[in-house]
Amino acid sequence: EKQYEFILTSRPAEGVALITLNRPKALNALSTPLFTELNDAVKRFDEDDSVRALVLTGSDRAFAAGADIKEMKDKQFSEVFKGKFLESWGLLTTIRKPIIAAVSGYALGGGCELALMCDIILASPSAKFGQPEINIGVIPGGGGSQRLAHAIGKSRAMEIVLTGRNFTAQEASDWGMVSRVVPDEEGGVVKAAVDMAAVIASKSAIAVQAGKEVVNAAFEHTLAEGLRYERRLFHGMFATKDQKEGMSAFAEKRQPKWSHS
Ligand code: CO8
């Protein structure tokens with residue numbers, strides 16, 4: 001595995017890559033060097049055929065406490081505007097493979113936004129989400145106003161963005177932002193996320209990629225366009241080997257053997 005300074009990477013299960021944010025002293029504050037490494041790892045795993053699902057996590061204390069405030073504090077408008085500050089931080093949303101966020105502790109500001117960029121969020125009971133940017137005189141800048149509003153609705157998103165209050169794992173679950181709060185007795189949220197990623201990795205990679213694309217279309221297209229897009233991709237599946245294999249295996253009462261093609 002390639003070595004990084006601010007993240008750790010590993011392969012905890014067949015077809016699964018795990019990325020752990022590792023800047024513990026700063027509660028995984030998202031600095032430019034950290035994001036450069038994160039983008040590099042995400043891109044590398046997306047291009048690696050032996051990886052079919054990713055998990056992104058932090059520490060018990062913090063998934064990430066936001067963008068690095070100390071790094072941002074003295075920046076000028078012309079600098080952030082001309083330099084397209086934060087624009088490359090969305091790379092995660094452009095990958096083909098599914099990525100699951102396993103969130104414990106603080107997921108604030110850019111940390112909450114980073115979780116929202118992932119395809120699935122699992123939370124430990126300790127998770128604390130929030131968009132506290134209003135408390136430091138700014139607004140969310142990594143999709144917090146848009147993805148959060150999609151995830152939890154307008155009234156709640158307004159409350160969170162305008163008051164800057166944190167919300168609990170349970171609230172995030174009740175509001176549909178996270179799939180599930182994983183009780184500690186189950187062995188932890190990272191294990192649950194790796195297990196889920198392993199299930200996804202055991203499916204046809206080409207069908208998984210198409211499935212991710214069509215669900216994302218629900219957030220980017222009108223309903224009519226989304227339905228047409230889904231139908232076309234569904235039709236397209238009949239050009240894959242895995243469609244023939246999956247349906248034949250069902251008819252022959254056996255397990256399918258995916259070629260991921
Ligand atoms: N940036 C830089 N350093 C941080 C950050 C941060 N966001 N959060 C924590 N740290 C540092 C602290 O400065 C401290 O460092 P030091 O020991 O050198 O003083 C260390 O981490 C530990 O933190 P605390 O001592 O504050 O720990 P507490 O347990 O007392 O408090 C909190 C934990 C409540 C999480 C507190 O640290 C806090 O409020 N942090 C800031 C939260 C915040 O405002 N986040 C939003 C930042 S703005 C933002 O994210 C814009 C989004 C941009 C888009 C990103 C796209 C992905």
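Five bridges tie strand β1 (residues 7-13) to strand β2 (residues 16-21), and the two run antiparallel. This is a predicted model, where local features need pLDDT of at least 70, side-chain atom pairs count only at pLDDT 80 or more, and totals for chains, interfaces and linings use all residues. Residues are numbered from 1 along each chain as its sequence is written, and side-chain values use heavy atoms, with hydrogens and water left out.

**The β1-β2 hairpin**
- β1 and β2 make a hairpin with two residues between them, and Gly15 in the turn has a positive phi of about 80 degrees.
- Across the pair, Ile7 stands opposite Leu21 in β2.
- Strands here are DSSP runs (E, at least two residues), helices are runs of H or I with at least four, and numbering goes from the N terminus; two strands pair if DSSP finds at least two bridges between them.

**Helices α9 and α10**
- α9 packs against helix α10 (residues 223-237) at an angle of about 170 degrees, with the axes 10 Å apart.
- That makes α9 and α10 roughly antiparallel to each other (angles over 145 degrees count as such).
- On the α9 side, the contact (heavy atoms within 4.5 Å) uses Ile206, Ala207, Ala210, Glu213, Val214 and Ala217, while α10 brings Tyr229, Glu230, Leu233 and Met237.
- By class, the residues of this contact are eight nonpolar, no polar and two charged.
- For the classes, Ala, Val, Leu, Ile, Met, Phe, Trp, Tyr, Cys and Pro count as nonpolar, Asp, Glu, Lys and Arg as charged, and the others, Gly among them, as polar.

**The largest pocket**
- The largest pocket has a volume of about 930 Å³.
- Its lining has 34 residues, and the closest to the centre are Leu116, Cys118, Asp119, Asn216 and Phe219.
- α4 (110-117), β7 (120-123), α5 (146-152) and α9 (205-220) each supply at least two lining residues, with the largest share, 10 residues, coming from α9.
- The lining splits into 18 nonpolar, 10 polar and six charged residues.
- A pocket is an open set of points on a 1 Å grid over the protein atoms alone, where a 1.4 Å probe fits, with protein on both sides within 12 Å along at least five of seven lines; lining residues have an atom within 4 Å of a point.

**The second largest pocket**
- The second largest pocket has a volume of about 520 Å³.
- Of its 26 lining residues, Ala67, Met72, Glu133, Ile136 and Val138 are the closest to its centre.
- α4 gives the largest share of this lining, three residues.

Methods
Points joined across faces, edges and corners; volume = space filled by probe spheres on them. Axes fitted to C-alpha atoms, helices over the stretch in contact; angles between N-to-C directions. Parallel < 35°, antiparallel > 145°, perpendicular 65-115°, else oblique.
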